[in-house]
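Student: I have a structure on my screen and would like to learn how to read it. Can we go through it step by step?

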Amino acid sequence: MLFGTRQGLGNSVDLTISFNEGSPLEQVLNFKYLGVWLDPTLSFTQRSETITKKLSCNLAILYRHINCFTFQMRKRIVSQLLLPTLDYADIVYQTTFDTHLQPLNVVYNSLCRFILRCPYITHHCSMYETINWLSPHTRRCYLWFQFIFKCIHLNYPSYLKQDLLPYTPSYSLRHIQQPFFFIPRTNKEIGRRAFKFKAPSDWNTLPSTIRTISSFRLFKNTLLPFLIKPCTCF
């Protein structure tokens with residue numbers, strides 16, 4: 001599989017790669033690696049379609065027996081059986097376009113309606129507030145900042161920590177003691193989606209009171225109120 005932009009892949013020449021014994025290596029357009037479907041442009045369209053289809057089928061089965069479950073049982077079933085499917089590798093495909101994330105957001109709202117047994121016209125912000133859940137975007141940001149924290153303080157994983165370089169200004173500034181990271185320059189959109197650019201860029205947007213925390217539990221408890229924003233849909 002070749003990775004790149006649509007224009008770059010369209011202008012690429014045909015490559016023929018063979019094994020040592022001479023048999024040709026097959027080129028594919030979709031490949032599942034560690035449970036994540038990959039495509040040449042890293043749009044994660046196949047993964048979005050697979051998750052949507054899988055959760056929709058599971059949800060249809062649960063709706064047949066919805067009268068057998070209480071509110072607490074429905075919330076526990078979704079939280080422990082269905083929601084981990086959405087959370088798996090979400091920090092990887094969170095940088096894709098909104099059109100590819102929209103089907104996942106629709107499924108997330110369907111899970112909320114199943115828990116609350118509310119009609120389709122119920123506003124999503126009302127459902128999140130009732131269940132005490134985060135919105136899909138806020139949930140991805142919450143897990144994303146936790147991952148960055150682990151890279152900084154827990155060396156998890158160690159090969160990504162080398163991309164988080166402390167920022168050393170040329171002049172003496174007032175915020176020199178605050179933990180900022182160097183953001184590399186990039187002119188490509190695909191470069192802005194890379195960990196080397198997105199991780200330090202997002203981390204620098206956090207308040208200094210959160211960035212200076214070294215305890216993981218305290219970091220999560222402090223980060224959550226910062227990410228929760230009031231509903232502005234109405």
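Student: What percentage of the 234 residues of the protein count as buried?

Tutor: Buried means under 20% relative accessible area, exposed means over 50%, and partly exposed lies in between (1.4 Å probe, protein chains only). Here 36% of the 234 residues count as buried. This is a predicted model: local features need pLDDT of at least 70, side-chain atom pairs count only at pLDDT 80 or more, and totals for chains, interfaces and linings use all residues. Residues are numbered from 1 along each chain as its sequence is written, and side-chain values use heavy atoms, with hydrogens and water left out.

Student: How many helices and strands does the protein have?

Tutor: Both are DSSP runs, numbered from the N terminus: helices are H or I with at least four residues, strands are E with at least two. This protein has twelve helices and two strands. From the N terminus, the order is α-β-β-α-α-α-α-α-α-α-α-α-α-α.

Student: What share of the contacts with a separation of 6 or more comes from residues 24 or more positions apart?

Tutor: A contact means heavy atoms within 4.5 Å. Residues 24 or more positions apart account for 59% of the contacts in that set.

Student: Which residues does a cis peptide bond join?

Tutor: Look at the omega angle. It is about -10 degrees at the cis bond between tyrosine 156 and proline 157. Proline 157 sits in the loop between helix H7 (136-153) and helix H8 (158-161).

Student: Where does phenylalanine 44 lie, and is it buried or exposed?

Tutor: Start with the loop between strand S2 (36-38) and helix H2 (45-64), where phenylalanine 44 lies. Its phi is near 55 degrees, a positive value in a residue other than glycine. Phenylalanine 44 has a relative accessible area of 6%, so it is buried.

Student: And asparagine 132: buried or exposed?

Tutor: Asparagine 132 has a relative accessibility of 67%, so it counts as exposed. Its phi is positive too, about 65 degrees, although asparagine 132 is not a glycine. Find it in the loop between helix H6 (124-131) and H7.

Student: Which residues make the nonpolar surface patch of about 390 Å²?

Tutor: Leu15, Ile17, Phe19 and Leu25 make that patch. Leucine 25 is in the loop between helix H1 (6-11) and strand S1 (31-33). Its relative accessibility is 45%, so leucine 25 counts as partly exposed.

Technical notes
Patches are made of residues with over 30% relative accessible area and no salt bridge: like charges are joined within 9 Å, nonpolar side chains (Val, Leu, Ile, Met, Phe, Trp, Tyr) within 5 Å. Accessible areas come from the Shrake-Rupley method with a 1.4 Å probe; for residues, only the protein chains shown count as cover. A salt bridge is a side-chain nitrogen of Lys or Arg within 4 Å of a carboxyl oxygen of Asp or Glu.
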